[in-house]
Each structure stands twice: as structure tokens, then as C-alpha cells.
There are 2 protein chains.
Amino acid sequence: MLVRMDDGRKARAGRPRGFDAEEALERALVVFWRQGYEGATLTDLTRAMGITRTSMYAAFGNKEELFRRALDRYSEGPGGYVARALEEPTARAVAAGLLNGAVRATTRPGCPAGCLGVQGALATGDPGHRARDVLIAWRNDAGSRVADRFRRAVAEGDLPPGTDPDRLSRYVTSLVYGISVQAASGVARDDLQQVADTVLRNWPPATGG
Amino acid sequence: MLVRMDDGRKARAGRPRGFDAEEALERALVVFWRQGYEGATLTDLTRAMGITRTSMYAAFGNKEELFRRALDRYSEGPGGYVARALEEPTARAVAAGLLNGAVRATTRPGCPAGCLGVQGALATGDPGHRARDVLIAWRNDAGSRVADRFRRAVAEGDLPPGTDPDRLSRYVTSLVYGISVQAASGVARDDLQQVADTVLRNWPPATGG
DNA sequence: CTCATTCTGTACCGATCGGTTCGATACTCA
DNA sequence: TGAGTATCGAACCGATCGGTACAGAATGAG
């Protein structure tokens, strides 16, 4: 299809795409974020994207693939705080990055309240079960990476010896998801920030039985 | 319509209902719980209830009313731990009742994982926005009652003076919702119990800035 | 018995679902 | 310029959506 395989700059035969795929994806992301996978119809999506169904299918495959792409974009955009937090030098800073980041990402003015990774497809009927599985994997992957990061912190002596990193990860991610649900309920940013502050004020929690 | 207005025992004219409405509601509850409001179709619901659409509409009004009724039943059944927890004598016992109850309710064998009040309609399209509003009110009402209970605990000296009851409520309810999301992701009961244990092990958290 | 009343199953309603067909259009390449 | 190719808009697809009309069936009242 590409005329020049050695240089994919442009050189594509045929009528050029009449829209910016990245910007269209951004619009679709917001619709999925606000309405969830099942609640976002092709009509809603394509209207927000400013393109027709045909163009969407040509560019992204189908609704499910569009959702996957939107989730990827979410991870790099509004959800980027997770990756940034994991690179913080201390376990405390990691937790702070996750919790403060969650508060801000789930209460961004002009964006839907809550987290796409949570409310995008938490419970679905049969047609949405693949989207649900994608989000379950997304959440569990995030949890694993936080646990690994805390494991490293224990090894480095950055967390008290005997700390259970999996347990600590589950605690922090539960708070992140809980903050997201509260945000989706309309709770104000300041109130959620107090939750994050409370957790960090009592950091690290003792993980003994 | 009732033949005897002074005694509504039965004495209803016409063909008697051929199914147990409460049992049918219980079946509908499970479908909403597993698939969410939008993901649960009338076909799914009535098949599980063992009745026809006509009978469902005659007994419950419409899908939205059925959902409301199912949520009420959920509050008295699987979600009953909230009301029970609020009657515990100490703030610590209240928190323990909420967290341990959430762990068990969201990981009941034979029931969908997670919480109906969270995953029933967290993000929806236009047709589901009333169900979403119902759940938002349900969650916020629960949060208010927990805050009121903690307020009482502060007044009684059961919590350290200066404790912010609203803030503490938000912290606990965030964890309850977070546990619910984790459960919906397939996290095992034991792992979630560790989250509850961690919170209680560090109870009460300091709520200073 | 008859009659009014209520419930049940079938068959159906318009609207919308996700997805596709197709001809017109706009581009690159030779 | 003409051949080849990809995109575009509109109209359309069968399936399913939530919800109903209607006729038969089962009851209590008289």
C-alpha cells in the first residue's frame, strides 16, 4: 500500500484523509470517558469526532478497537500521572503522585469526572465484555506495576522491612479507584484532595495483620 | 381496584399473578448487578425472572423502576452491611463493619463481583442518565450517613478531638468503593480483606492537613 | 351462570443498535 | 493526462433496543 517502504513520511496513494486522526481519537476518548463503552453509540462518537461512520471504520476498525485506542491515549494523557508517579524516587513520592494525580485527573475542568479505566466498562452485558476485559487487564496491570515499585522500595530500605508490597499496592490502588468513583459522584476536587492528604499524612501504613 | 379498601390482605379481583414478584425482583437484581443498567436488556432480565415482558411491565412499570426496586432490594440484602455497620457502638466498629462488609458483599460466591451501587450505572449514555443519578444519590446518601455517624463519634469522644468527620467518611467510603472496583476486577476476597485489615490496623488515621 | 377485572403469551411497534455497500471524489504515480 | 487507490457521504443492512396492543385465560363479585 505504501509506495515507498523505505520512507513512510507521506507518499500514500489515494485520496488523503480529511481529518486529524489523533484529534478525532481525543474526541472519542472524551465520549467513552463520559458515557462508558456501552453508553457511547457510534452516532455519539462520530458526531463528536466530526467524521462519518465510514471514516471511523476505515481509520480505527470498529468500536472495540476505537475504545482500545482511546484507552491508550488516556494512559498517555490524563492517565499519564501513573507512569510518572512510578518513576518517583521514593515510595512516599510514588504514593503521593498516584493519589494527587488521581484527584486531579478525575476532576479536570472540561473533562468528564472520574476515570476512564474504571467507569469505561465496569459491568457490561455480553456485547461489551471484551471492553470490560480490556479495562480489567488495564487496572490489574497498573496494580502489578505499583506492587513491583513498592517491592523495589522495600528492597532499597525505602519502606520498613516486613512491608508487604502487594498489600500496600492494593491499599493505594483501592484509594485511587475509590477517589475515581467519588469524583464520578460529583464530589469536589478539594474534598478528594483531603482524602489523598489523609493517606499521605499517615504514610506508610503498617501492614501487619 | 381493590375490592376491600379496608383490608388489602388479598381479595383482588381478576386473574392472580402467576409468579412471586419478590423472587423475580431478586433475579433481576442479579442481572443488573452483573451487567449494569445499560448492559441488562429486557430480554436478559425477563428471561432471568422467568416471566414475559408484559408481566414485568405490569408488575414493575418499566426498566427504570425495576432498577430502582432492585437497588432497594440490594440495600436491604447484600448491601445491608452498611446499615448494620452504622449501628455499631464505636467509630472503629463502624469502619470495621463497612470495610469487612464491603469485602464480603463484593466477593460473594454465586453473586456478581463488585457492588451494584457502584457498577450498576457509573457512566452512561443519555438513556441511562436517570439510573446513574439514582446511584449517585444512593452513594452520596451513604456517605452522608457515615459522616453523620462519625460526627456523633467525635461528639462522644469516641474519635480524637479535631477529627474531621466528613473527611474521615470520605476516606472510608473511598476505600469501600475502591474495594468494590478491585472485586469487579477479579481480585480475590483474601487480598481485599488485607486492604480492610490494613486500614483498621492504622485506625483512626490522623486527619490533620 | 354472567360480568368486570387482572394477568399471561404472542406478536408486533418505531427507533436505534453496530456495521456495511456503493458511487462520487480527491489524491499519487507513471 | 489516465490508471490506480484510498477516503468520503449517504443510504442502507439485519438485529436488537425498550415498550405495547390484543386476545385468551383465570379469578372474585353478583
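A residue counts as near a strand when one of its heavy atoms lies within 4 Å of that strand. Keep that cut-off in mind as you move through this predicted model.

**First stop: DNA strand D.** Now colour by secondary structure. α3 (53-60) of chain A, α2 (42-49) of chain B and α3 (53-60) of chain B each supply at least two residues here, and α3(B) gives the most, with three.

To see some base contacts, zoom in on T54(A), where a polar side-chain atom lies 2.7 Å from a base nitrogen of DNA strand D. Then go to T54(B), which has a polar side-chain atom 3.4 Å from a base nitrogen of DNA strand D. At G14(B), look at the backbone instead: an N or O atom there is 3.4 Å from a base oxygen of DNA strand D.

**Second stop: DNA strand C.** Sugar and phosphate make up 64% of the atoms of DNA strand C that come within 4 Å of the protein. The surrounding surface consists of 11 nonpolar, 10 polar and six charged residues.

Stay with T54(B): one of its polar side-chain atoms is 2.9 Å from a base oxygen of DNA strand C. A polar backbone atom of G14(B) sits 3.4 Å from a base oxygen of DNA strand C. For a contact with the sugar or linking oxygens, pick A13(B), whose backbone N or O atom lies 3.4 Å from one of them in DNA strand C. Two or more residues of this surface come from each of α2 (42-49) and α3 of chain A and α3 of chain B, with α3(A) giving the most, three residues.

**Third stop: the two chains.** Superpose chain B on chain A: a turn of 180° with a shift of 0.0 Å along the axis gives an RMSD of 0.0 Å. The copies are therefore related as by a two-fold rotation axis. To find that axis, select G178(B), the residue of chain B that comes closest, at 2.0 Å for its C-alpha.

**Last stop: Q35(A).** This residue is in helix α1 (residues 21-39) of chain A. Is Q35(A) buried or exposed? Its relative accessibility is 16%, so Q35(A) counts as buried. Among the residues Q35(A) touches are A40(A) and D44(A), along with E38(B) and A123(B).

Technical notes. Residues are numbered from 1 along each chain as its sequence is written. Chains are lettered from A and ligands numbered from 1 in the order in which they are written. This is a predicted model: local features need pLDDT of at least 70, side-chain atom pairs count only at pLDDT 80 or more; totals for chains, interfaces and linings use all residues. Side-chain values use heavy atoms; hydrogens and water are left out. A polar contact is a pair of N or O atoms within 3.5 Å; within protein, one must be able to donate a hydrogen and the other to accept it, and residues adjacent in sequence count only if both atoms are side-chain atoms. Helices (H or I, at least four residues) and strands (E, at least two) are DSSP runs, numbered from the N terminus. Copies are superposed by least squares on the C-alpha atoms of residues with pLDDT of at least 70 in both. Buried means under 20% relative accessible area, exposed over 50%, partly exposed in between (1.4 Å probe, protein chains only). Contact means heavy atoms within 4.5 Å. Ala, Val, Leu, Ile, Met, Phe, Trp, Tyr, Cys and Pro count as nonpolar, Asp, Glu, Lys and Arg as charged, and the others, Gly among them, as polar. Lists of a residue's contacts leave out its neighbours within four places in sequence.
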